[in-house]
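Here is a short report on one protein model. Please look over the sequence and the structure before reading on.

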Amino acid sequence: MVQTLIGLDIGGSKTHGIRLDDGRVAAEATAGSANVQNASPAQAAAALSDVFGRLGAARVAAVYAGAGGIDTDGDAAALRALVAPLAPGADIHVVHDTRLVLAAGHRRTGIGVVAGTGSSVWGVNDAGEEARAGGWGHLLGDEGSGYWLGREAVRHALSRLDAGLQPDRLTALLLTDCGLRKPVDLIALFHSPQTDRRFWADKSRVVVAAAEEGEEPAAGIIDRAAADLAGQIRLVAARLGLAGPVVLGGGLGANVQRFQRAVAAALEPHGITDIHPLDREPVFGIDVLAGLAGLTSSDAARHR
């Protein structure tokens with residue numbers, strides 16, 4: 001009988017799932033976020049149902065789900081309860097998404113970092129001791145996240161307005177991307193129920209693009225974000241007696257070289273130099289969690 005496993009990476013913006021049949025990728029699907037901290041139970045259940053339906057799983061032996069906002073046993077139980085009806089009889093393992101990032105980086109010990117819509121740092125050492133920093137959510141922190149970059153770009157534009165200065169290049173790019181004419185219009189848009197943290201996290205693109213053009217204010221925002229996140233990495237490293245490896249995941253951590261260099265530069269003076277951007281999607285980390293042979297993104301490419 002074929003052994004079927006389901007892997008889920010539940011981020012702030014989407015849910016990414018894969019189906020493994022006897023250790024080989026058989027299907028892949030994405031849907032909206034099923035994060036129980038940010039989506040209603042009905043929305044989360046609908047997203048999970050969509051993913052499971054498109055994965056086409058009949059009998060599932062086990063589900064490995066990595067998700068942001070899994071801070072308590074209650075958080076894990078809430079997600080497990082949503083998954084259970086979709087995989088009757090399966091063993092359901094729920095972990096924080098930073099643990100999935102570390103596993104996807106082909107490591108069983110070290111520090112996993114999510115720098116995407118939100119941010120968080122988690123680590124585990126050879127003794128099995130664990131530590132976390134950050135991951136408080138966008139209202140309390142999420143330094144180094146896409147949302148943080150987007151919000152800081154808005155704050156930059158409004159600070160210039162308060163100082164009586166004309167919009168600079170970063171402000172102009174932000175206004176254009178938001179479809180606005182004047183910096184003052186950003187206030188109403190930011191507080192509008194029509195925009196959410198994913199909307200503003202998407203504006204990190206504007207900050208990154210401006211930094212790549214050489215705009216100092218944008219580069220400064222990225223450097224501050226990287227420094228804050230590096231501070232959280234150092235906290236976890238000190239608590240666990242680790243000097244690495246550090247695996248950078250999330251849209252910013254895995255894909256934006258300017259951000260990666262800034263994090264590395266902030267960590268180097270503290271002796272943390274073993275830093276690796278994630279080289280495959282986090283959901284593929286279930287091979288490490290489940291003790292399977294290594295998977296790569298190319299294994300699933302033909303199923304997209």
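## A cis proline

Pro-245 lies in the loop that runs between α9 (216-240) and β9 (246-249). The peptide bond leading from Gly-244 to Pro-245 is cis. Its omega is near -5 degrees. Note that the model is a predicted one.

## Overall build

The protein has 13 helices and ten strands. Its radius of gyration is 20 Å. A compact globule of 304 residues would come out near 19 Å, so the value agrees with a compact globule. Along the principal axes, the C-alpha atoms fill a box of roughly 70 × 45 × 35 Å.

Of the 304 residues, 52% are buried. Take the contacts between residues at least 6 apart in sequence: 65% of these join residues at least 24 apart.

## Surface and charge

The protein carries 28 positive and 34 negative charges. The mean positions of the two sets are 3 Å apart.

Strand β7 covers residues 119-124. How many of its six residues are buried? Six of the six are. Ser-119, Val-121 and Gly-123 point one way from the strand. Ser-120, Trp-122 and Val-124 point the other way. Residues on both sides are buried.

β7 pairs with strand β6 (residues 110-115) through six bridges, and the two run antiparallel. Val-121 stands opposite Ala-133 of β8. The hairpin of β7 and β8 has five residues between the strands. In this hairpin, Gly-128 takes a positive phi near 85 degrees.

His-106 has a phi near 65 degrees, a positive value in a residue other than glycine. His-106 sits in the loop between α3 (97-104) and β6.

Asp-142 is found in the loop between β8 and α4 (146-162). The relative accessible area of Asp-142 is 4%, so the residue is buried. The cut-off for buried is under 20%.

## Thr-273 in its loop

Where is Thr-273 placed? Thr-273 is in the loop between α11 (257-267) and β10 (275-277). Its relative accessible area is 57%, so Thr-273 is exposed. Exposed residues are those over 50%.

Which residues does Thr-273 touch, leaving aside its neighbours within four places in sequence? Thr-273 is in contact with Ala-243 and Glu-268. Arg-99 is 174 residues away from Thr-273 along the chain. The C-alpha atoms of Thr-273 and Arg-99 are separated by 20 Å.

Terms used:
Residues numbered from 1 in each chain as written. Predicted model: local features only at pLDDT ≥ 70, side-chain atom pairs only at ≥ 80, totals over all residues. Heavy atoms only, no water. Buried < 20%, exposed > 50% of the residue type's maximum accessible area, 1.4 Å probe, protein only. Helix = DSSP H or I, 4+ residues; strand = E, 2+ residues; numbered from the N terminus. Pairing = 2+ DSSP bridges. Rg over C-alpha atoms; globule rule 2.2 N^0.38 Å. Contact = heavy atoms within 4.5 Å. Lys, Arg positive; Asp, Glu negative; His and termini not counted. Charge placed at Lys NZ, Arg CZ, Asp CG, Glu CD.
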